[in-house]
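Hi,

Here is the structure I said I'd pass on. Have a look at it first, and then read my notes below.

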Number of protein chains: 2
Amino acid sequence: MKSPIDFYFDFSSPYGYLAAQKIEALAAEYGRGVTWRPLLLGAAFKATGGVPLPQIPLKGDYAKRDFLRSARFHDVPFRIPDPFPVSTVSACRAFYATAAEKQVPLAKALFRAYFVDNVNIGEAANVLRIASSLDCRPDIENQAVKDRTRAEVDAALAKGVFGSPYIVIDGEPFWGVDRFDQIERWLREPF
Amino acid sequence: MKSPIDFYFDFSSPYGYLAAQKIEALAAEYGRGVTWRPLLLGAAFKATGGVPLPQIPLKGDYAKRDFLRSARFHDVPFRIPDPFPVSTVSACRAFYATAAEKQVPLAKALFRAYFVDNVNIGEAANVLRIASSLDCRPDIENQAVKDRTRAEVDAALAKGVFGSPYIVIDGEPFWGVDRFDQIERWLREPF
């Protein structure tokens with residue numbers, strides 16, 4: 001039995017969203033499951049000195065163009081939400097507060113709400129409404145949920161995760177949806 | 001007659017080196033030439049607040065692993081040179097001081113010297129020796145050459161170039177050797 005793939009992402013990351021549309025089918029092709037691991041990119045940025053792409057001179061303008069073009073390239077519905085980016089603390093807590101079997105449907109619904117329907121998932125009320133549509137009632141103000149979320153994010157940072165998407169296969173890390181070609185080859189056979 | 005592709009790169013950039021091994025064949029397949037445009041990434045970093053990858057916590061360690069894995073993926077001989085990165089002012093000046101028909105062979109020789117043979121192309125004497133092996137005698141201390149190099153770098157920055165490799169096709173920019181899949185589709189038909 002092969003280990004599942006670890007899929008780290010931030011709910012506010014366009015490339016994380018694109019990766020989320022493809023990773024399960026790719027993993028399944030090679031007999032793997034996927035462990036979804038949302039994190040808070042802001043916490044990772046503190047470690048690397050990173051800043052959100054849209055704020056970087058030159059690179060920010062390029063990034064917006066690349067988000068849109070990459071979505072067309074991968075044939076995935078996408079818009080740049082407004083506002084963008086947003087805090088994903090509520091979304092992340094909602095994920096970790098939800099029963100395992102509903103976590104992935106919730107993650108997909110949150111991504112779709114933000115990057116297709118332009119719903120501001122930075123607002124807790126919107127996160128709870130999306131969860132409710134899946135019959136989930138995550139208690140995102142619960143201290144245990146907050147602690148669990150913090151522990152998950154800290155564990156990701158401790159493993160060296162610094163971006164979104166960040167995929168780990170049997171200890172081998174891949175950063176970016178643009179590493180899916182290497183991921184596919186690695187799943188076939190490490191090189 | 002289709003316009004040539006603009007290929008911006010820094011001689012100290014591993015991903016620029018990988019791109020240099022593939023871009024001419026790809027362009028030729030779609031009836032295009034390639035205009036090689038070396039630049040000084042340090043100057044671009046001043047505009048974007050960027051720092052060389054190896055210096056960034058977490059990301060630096062990942063980058064080294066990704067350089068090596070990407071070279072294997074693309075089946076290109078590669079090692080991480082020591083020292084790395086280096087200033088590429090001399091290499092850049094040598095390129096712009098050289099007659100057009102010898103510029104690309106010189107660029108390839110500089111890349112190979114650095115990323116295959118571990119020759120420190122940050123040192124002017126090594127750059128001149130490599131040029132000499134191609135019967136080139138670039139006058140890299142000449143003020144006109146310095147000015148030309150500066151003007152080329154400034155022109156690249158003015159066009160929004162912030163990384164290496166950075167490829168422009170009929171005004172459409174692509175950053176990274178990992179955009180070659182999108183570049184290929186764009187050359188077939190813009191999407």
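**Salt bridges and what else turned up**

Counting over all chains, the rule gives 26 salt bridges. Bear in mind as you read that this is a predicted model.

Let me start where the two chains meet. On each side of the contact there are 31 residues: 31 from chain A touch 31 from chain B. Together the two chains bury about 3000 Å², and 56% of that lies on carbon and sulfur atoms.

How many salt bridges does the rule find across the interface of chain A and chain B? There are eight of them. One to look up is the pair B:R179 and A:D66, where the closest N and O atoms are 2.7 Å apart.

Which elements of chain A give two or more residues to the side that touches chain B? They are α2 (41-48), α3 (59-73), β4 (172-175) and α8 (180-188). Helix α3(A) gives the most, with eight residues. Sorted by type, the residues on this side of chain A come out as 16 nonpolar, five polar and ten charged.

The side chains of A:R69 and A:D66 form a salt bridge, at 3.0 Å from N to O. Both residues sit in helix α3 of chain A, three residues apart, which is about one turn of the helix. Are they buried or exposed? Both A:R69 and A:D66 are buried.

A couple of other pairs are worth a click. A:E152 and A:R148 make a salt bridge with their closest N and O atoms 2.9 Å apart. These two lie four residues apart in helix α7 (residues 143-158) of chain A, again about one turn. A:E152 counts as buried because its relative accessibility is 19%, under the 20% cut-off. A:R148, at 37%, counts as partly exposed.

In chain B, B:K146 forms a salt bridge with B:E141, and there the closest N and O atoms are 3.4 Å apart. B:K146 has a relative accessible area of 22%, so it is partly exposed. B:E141 is exposed, with 56%.

Some salt bridges share partners, and in this way they join residues of both chains into one network: A:R65, A:D66, A:R69, A:E172, A:D178 and A:R179, along with B:R65, B:D66, B:R69, B:E172, B:D178 and B:R179.

Last, the nonpolar cores. The largest has 63 residues, and the members that touch the most others are B:F7, B:F11 and B:I121. Helix α6 (residues 100-115) of chain B gives the most to this core, with eight residues. If you zoom in on B:I121 and leave aside its neighbours within four places in sequence, you'll find it in contact with B:F11, B:V86, B:S87, B:L110, B:A113, B:Y114, B:V127 and B:I130. A second, separate core has 62 residues, among them A:F84, A:F95, A:I121 and A:F162.

Cheers

Conventions:
Residues numbered from 1 in each chain as written. Chains lettered and ligands numbered in written order. Predicted model: local features only at pLDDT ≥ 70, side-chain atom pairs only at ≥ 80, totals over all residues. Heavy atoms only, no water. Core = buried A, V, L, I, M, F, W, Y, C linked by side-chain atoms within 4.5 Å. Buried < 20%, exposed > 50% of the residue type's maximum accessible area, 1.4 Å probe, protein only. Contact = heavy atoms within 4.5 Å. Buried area = accessible area lost by both parts, 1.4 Å probe. Salt bridge = Lys/Arg side-chain N within 4 Å of Asp/Glu carboxyl O. Nonpolar A, V, L, I, M, F, W, Y, C, P; charged D, E, K, R; others polar.
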